[in-house]
Amino acid sequence: MKDAQIFKYSPSVWLVPTFLLLTIWSAFLINLYGHYHGNDHGIVPRTLSGLQGVVLSPFLHADWQHLTNNSVPLFVLTMALVYFYRELSLKVLVYGVLLSGLFTWAVGRSSVHIGASGLIYVLVSFIFFKGLRTGYYRLMALSFAVVIVYGGMVWYVFPEVDPKISWEGHLGGFLSGMVFAFVFKTPDYVSEYRYDWERPDFDPELDPFMRRFDENGQFVNPPKPEEIMVDYEEELGSHFFPIQINYIYKNAEE
């Protein structure tokens, strides 16, 4: 499938991440100014009541710094996901929240785990590994861009780097995104060729222009008019009438 049929801009590219951020910020403001203890509904590992946090925790944040640190990468990465992986974007977002949350619930420390950072790690991991697996130049470029901008995040999947963060959620998100990159299928991307010489089956021996070069790469004498006519008849087929072009030379004084 040609990439022009897949990589198309639509309002969903910014509507989806905007909706996510509006939901997250609304939940934070309700907790802050409504004095609602919503953060108590985060993931509490290995407890029945803590399972609700699998769904709710990405929308809950401890303070302004926690919220703003997650907002920008979540918006940017979700935009990239929707634009480049439109058909898979909903699966990655929904299953990413669930799988990374369940991982945190199963192996996390006895504490309340909140924040959208687990989902951010899902997006970083999926975009990176999926781009490498496709081998397609646009998606590989996106993978390398993600590494350059967010590559330093990988250290926060390890324990003891920062005791205040949920490394379990980060690790669960990273592993979830990697699994999705191998499980979810993408189309076979085909580049759009503007010229015949860009095609993989291009044979220079059959091209009239390329035949004018010798084995040393030097351009030989231009072909005779009748040779050009034969070449174009071979390219277009015998059912096309040859086009005759007459050149009239005039002196500069005329």
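**Close-up views of a predicted model**

View 1. Ser89 lies in helix H4; helices are DSSP runs of H or I with at least four residues, numbered from the N terminus. The model is predicted, so local features need pLDDT of at least 70 and side-chain atom pairs count only at pLDDT 80 or more, whereas totals for chains, interfaces and linings use all residues. Residues are numbered from 1 along each chain as its sequence is written, and side-chain values use heavy atoms, with hydrogens and water left out. Ser89 counts as buried, at 10% relative accessibility (buried is under 20% relative accessible area, exposed over 50%, partly exposed in between, with a 1.4 Å probe and protein chains only). Leaving aside residues up to four places away in sequence, Ser89 touches Leu81 and Val82 (contact means heavy atoms within 4.5 Å).

**View 2. Helix H3.** Helix H3 covers residues 64-84, and its end C-alpha atoms are 31 Å apart, which agrees with the 30 Å that its 21 residues should span at 1.5 Å a residue; the expected span is 1.5 Å times one less than the number of residues. Buried residues of H3 include Leu67, Asn70, Pro73, Leu77, Leu81 and Phe84. The buried residues of H3 pack against H1, H4 (86-107), H5 (117-134) and H6. At the N-terminal end, Asp63 caps H3, with a side-chain oxygen 3.2 Å from the backbone nitrogen of Gln65.

**View 3. A nonpolar patch on the surface.** Val55, Leu56, Leu90, Val94, Tyr95 and Leu98 form this patch, with about 520 Å² of accessible area together. H2 and H4 are the elements that give two or more residues to the patch, and H4 gives the most, with four. Patch residues have over 30% relative accessible area and no salt bridge, and nonpolar side chains (Val, Leu, Ile, Met, Phe, Trp, Tyr) are joined within 5 Å. A salt bridge is a side-chain nitrogen of Lys or Arg within 4 Å of a carboxyl oxygen of Asp or Glu. Leu90, in helix H4, is exposed, with a relative accessible area of 61%.

**View 4. Two loop residues with positive phi.** Arg46 is found in the loop between H1 (12-33) and H2 (53-56). Its phi is near 60°, a positive value in a residue other than glycine, and Arg46 is partly exposed, at 45% relative accessible area. Glu160 sits in the loop between H6 (137-150) and H7 (167-183). Glu160 is not a glycine but has a positive phi of about 70°; Glu160 is exposed, with a relative accessible area of 70%.

Terms used:
A polar contact is a pair of N or O atoms within 3.5 Å; within protein, one must be able to donate a hydrogen and the other to accept it, and residues adjacent in sequence count only if both atoms are side-chain atoms. Patches are made of residues with over 30% relative accessible area and no salt bridge: like charges are joined within 9 Å, nonpolar side chains (Val, Leu, Ile, Met, Phe, Trp, Tyr) within 5 Å. Accessible areas come from the Shrake-Rupley method with a 1.4 Å probe; for residues, only the protein chains shown count as cover.
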